[in-house]
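This report looks at aromatic ring pairs and at charges placed over rings. The model is a predicted one.

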Amino acid sequence: MIHLTEITQLVHLDAYHRFRATIYKNDTAADDFLKNKEYDRDLWDEKAIHLGWYNDVGALNGCIRFIRPIDHPCPLYSFTRLPRPVLKFAEQLLCSHERQKLPLLELSRICVSQEFRNLRSLRDFSLAIIEKLFDYSDQAFFTVFDNHKAHWMQYGCSVLEGTAKWKCRITGIPSWCMVYRKDQIPGPIWALLNNRAGLKPTA
């Protein structure tokens with residue numbers, strides 16, 4: 001069973017940023033900027049929550065960051081890649097949460113080692129992400145490639161209202177804006193979460 005650990009110590013953060021770079025270096029879908037980096041760190045990392053999936057000997061099998069909005073023209077990382085017609089809906093979502101003083105996180109840098117990109121591991125990793133979100137926010141925003149959309153919809157995630165499939169401004173890859181809401185988690189996923197940690201549906 002996969003569990004995510006928050007990464008806070010500098011030595012572990014250093015390894016984590018190098019792990020991210022290694023994953024993107026070998027990813028055919030990554031843009032040239034990411035592929036040519038030895039160390040993946042950017043503006044959004046300073047305020048982000050960094051989480052790792054570690055194996056029994058303390059090496060990373062996967063990771064993710066939960067981005068908190070920063071004081072910047074692009075408060076979320078994905079805003080740098082969204083085409084303008086889509087970006088306005090993402091900005092409206094963020095503004096709505098800020099007006100209501102509700103936390104909205106962005107799921108970003110979802111990285112998994114090649115040897116664990118099988119259905120069973122990816123399902124368990126996705127459940128671990130949702131389980132960890134319970135500690136921080138009831139809602140999250142993220143972008144996915146077109147071929148990953150169906151996977152996340154199984155977990156109750158939905159397409160951001162007002163948007164359709166779009167192409168990344170950097171890579172041109174067809175993608176979607178997705179929203180996670182705790183109160184939209186379907187019953188079968190709650191059952192799997194209950195089996196993981198004795199959680200009870202509260203939404």
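## Phenylalanine 66 and tyrosine 136

Tyrosine 136 is partly exposed, because its relative accessibility of 25% falls between the 20% and 50% cut-offs. Phenylalanine 66 is buried, at 0% relative accessibility.

The two rings form a pair. Their centres are 5.9 Å apart and their planes meet at 80°, so the pair is edge-to-face. Phenylalanine 66 belongs to strand 3 (residues 60–67). Tyrosine 136 sits in the loop between helix 4 and strand 5 (139–145). The pair therefore links distant parts of the chain, 70 residues apart.

The model holds 8 aromatic pairs. One of them joins tryptophan 53 and phenylalanine 125: the ring centres are 5.6 Å apart and the planes stand at 35°, so this pair is tilted. Tryptophan 53 lies in strand 2 (residues 49–54) and phenylalanine 125 in helix 4 (residues 119–133), so the pair ties together parts 72 residues apart in sequence.

Both residues are buried. Tryptophan 53 has a relative accessible area of 7%. Phenylalanine 125 has 2% relative accessibility. Ring pairs also bring in Phe116: Trp53, Phe116 and Phe125 are linked into a cluster.

## Lysines over rings

Which ring face does lysine 149 lie over? That of tryptophan 176, at 3.8 Å from the ring centre.

Lysine 182 lies over the face of phenylalanine 134. Here the distance to the ring centre is 4.8 Å.

Notes
Residues are numbered from 1 along each chain as its sequence is written. This is a predicted model: local features need pLDDT of at least 70, side-chain atom pairs count only at pLDDT 80 or more; totals for chains, interfaces and linings use all residues. Side-chain values use heavy atoms; hydrogens and water are left out. Rings of Phe, Tyr and Trp (its six-membered ring) pair if their centres lie within 6.5 Å; planes under 30 degrees apart count as stacked, over 60 as edge-to-face and the rest as tilted. Helices (H or I, at least four residues) and strands (E, at least two) are DSSP runs, numbered from the N terminus. Buried means under 20% relative accessible area, exposed over 50%, partly exposed in between (1.4 Å probe, protein chains only). A charge sits over a ring if NZ of Lys or CZ of Arg is within 6 Å of the ring centre and within 35 degrees of the ring normal.
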